[in-house]
Amino acid sequence: MINLLTHNWNSFITGFGWTVLSSVLALFFSLIIGSLVAILEVLPNKFFRIIGKIYVEIFRNIPLLVITMFFYLVIPLYVVKINGFTAGTIGLTIYTSAFIAETVRAGINSVDIGQMEAARSQGMTFWQAMRYIVLPQAFKLVIPPLGNQFVNLVKNSSVLAFVAGFDLMYQGNAIASQTFDTVNTYLIVGLFYLIITLPISYYMQYLERKLA
Amino acid sequence: MSMIEFRDVQKYYGNFHALKDINLKIDKGETVVLVGPSGSGKSTLARTVNGLETIQEGQLIVNGRDISDKKTDINRIRKDVGMVFQHFNLYANKDVLENVMLAPRTVLKLSEEENKKTAMALLDQVGLADKAHNMPSQISGGQKQRVAIARSLAMKPRCMLFDEPTSALDPEMIDDVLGVIKYVTSQSDMTSLIVTHEMGFAQEVANRVIFMDNGQILEDDPTDIFFKQPTNDRAKQFLSKIIQH
């Protein structure tokens with residue numbers, strides 16, 4: 001196993017790097033998009049609520065692989081040429097943002113509506129009440145479920161392997177087919193994923209304790 | 001001059017007719033207490049005054065502005081109308097002082113220095129200056145309600161709405177809160193609308209008492225007359241049950 005690792009070190013590290021990059025990008029953008037969609041879903045205006053709901057229901061109920069393939073094969077045909085890494089990361093972002101939207105929306109809804117009413121009754125706008133009162137409390141509440149989403153996101157980034165995204169899983173497949181040492185290859189790939197996901201889990205647990 | 005004026009106001013929740021033909025004028029400086037059984041529409045009526053509940057028909061004029069007109073800036077009206085809720089509704093992520101300072105900072109754009117001075121003075125008035133840096137979860141119900149009152153007063157409102165301010169409190173805490181409300185309503189230029197079940201308190205502070213049932217105003221009298229010789233049968237029945245306590 002050590003031999004396999006040292007001989008293919010460059011491939012593993014390249015894959016690890018692309019996986020981390022894809023995860024970080026998708027995490028950042030899915031958090032932003034997910035939060036915005038969550039806010040759409042709680043706006044007083046019914047039209048915006050419906051838009052938010054449609055977004056969530058579509059992207060959370062289609063397999064990640066299908067969304068990714070769509071960006072990899074369909075978008076380049078009609079819109080703009082994108083490579084596998086970009087297509088995979090966009091697919092990952094959109095898919096995850098639907099779950100994050102649901103998580104954040106649940107958090108917003110669990111903040112007692114009375115606080116929103118109190119803020120509005122003092123003349124604050126909906127956005128001021130959201131910004132100063134509701135969202136800070138909502139985010140605190142959703143840290144544990146968000147942590148789960150982040151870990152899922154990292155694991156789901158293995159979808160890049162299907163669209164030539166050069167990530168860990170892609171490199172693992174390549175190494176396994178060259179060396180025929182499938183057992184050790186995928187064990188190492190698994191360990192590399194743990195290097196990313198375990199710190200996220202622990203950091204989230206730490207945040208949860210610290211903010212509680 | 002009137003501070004609050006309802007003209008033929010109707011309020012519906014779907015098919016449920018929550019407020020029926022409400023006509024009511026409350027003058028500047030008046031303290032009006034609203035009583036009636038649960039579900040009679042008292043809270044709903046109070047909540048229409050600052051637009052937390054919308055009305056479907058009629059006109060509602062608050063401080064010279066027509067709240068039923070869609071063009072009216074509701075936040076402009078709310079600046080002048082404070083509200084105290086049954087369940088306090090303090091901002092759970094802010095300490096006591098910040099609860100009082102937040103709206104004056106974000107809505108009135110008060111300077112930090114002036115804001116803090118006013119806030120501390122108000123907390124002192126309600127007897128909670130020493131709790132300024134406690135979180136809402138660390139203080140008692142009665143203290144929370146006094147903070148909520150200070151928070152409303154920090155906006156320098158012309159009118160205060162109290163929606164069952166003591167209903168969620170331990171009996172021992174009620175007097176402190178009523179004391180503060182009494183002080184607030186005694187300010188000569190403050191208009192107050194109070195929804196309460198505390199009849200003794202109503203007798204003490206109110207200029208007028210209004211009795212509601214089934215979404216209608218059934219009795220609207222000066223305080224003495226309301227308690228001594230109400231004319232409406234439903235009001236008499238209600239009073240006879242309440243007074244026994």
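Student: How far apart do the end C-alpha atoms of residues 20-40 of chain A lie, and how much of that span is helix and how much strand?

Tutor: This is a predicted model, in which local features need pLDDT of at least 70 and side-chain atom pairs count only at pLDDT 80 or more, while totals for chains, interfaces and linings use all residues. Residues are numbered from 1 along each chain as its sequence is written, and chains are lettered from A in the order in which they are written. In residues 20-40 of chain A the end C-alpha atoms are 30 Å apart, and the span is 100% helix and 0% strand (DSSP runs: helices H or I of at least four residues, strands E of at least two). The unreviewed UniProt entry annotates this stretch as "transmembrane region", together with 61-79, 85-108 and 186-204 of chain A, although such annotations may be inferred rather than shown by experiment. For residues 186-204 of chain A, the end C-alpha atoms are 27 Å apart, again with 100% helix and 0% strand.

Turning to the partner chain, the contact (C-beta atoms, placed from the backbone, within 7 Å) takes 15 residues from chain A and 17 from chain B. On the side of chain A that touches chain B, α6 (113-121) and α7 (126-156) are the elements that give two or more residues, and α6(A) supplies the largest share, six residues. In contact with L193(B), neighbours within four places in sequence aside, are I4(B), I26(B), V32(B), L34(B), A46(B), V49(B) and L161(B).

Notes
Two residues are in contact if their C-beta atoms, placed from the backbone, lie within 7 Å.
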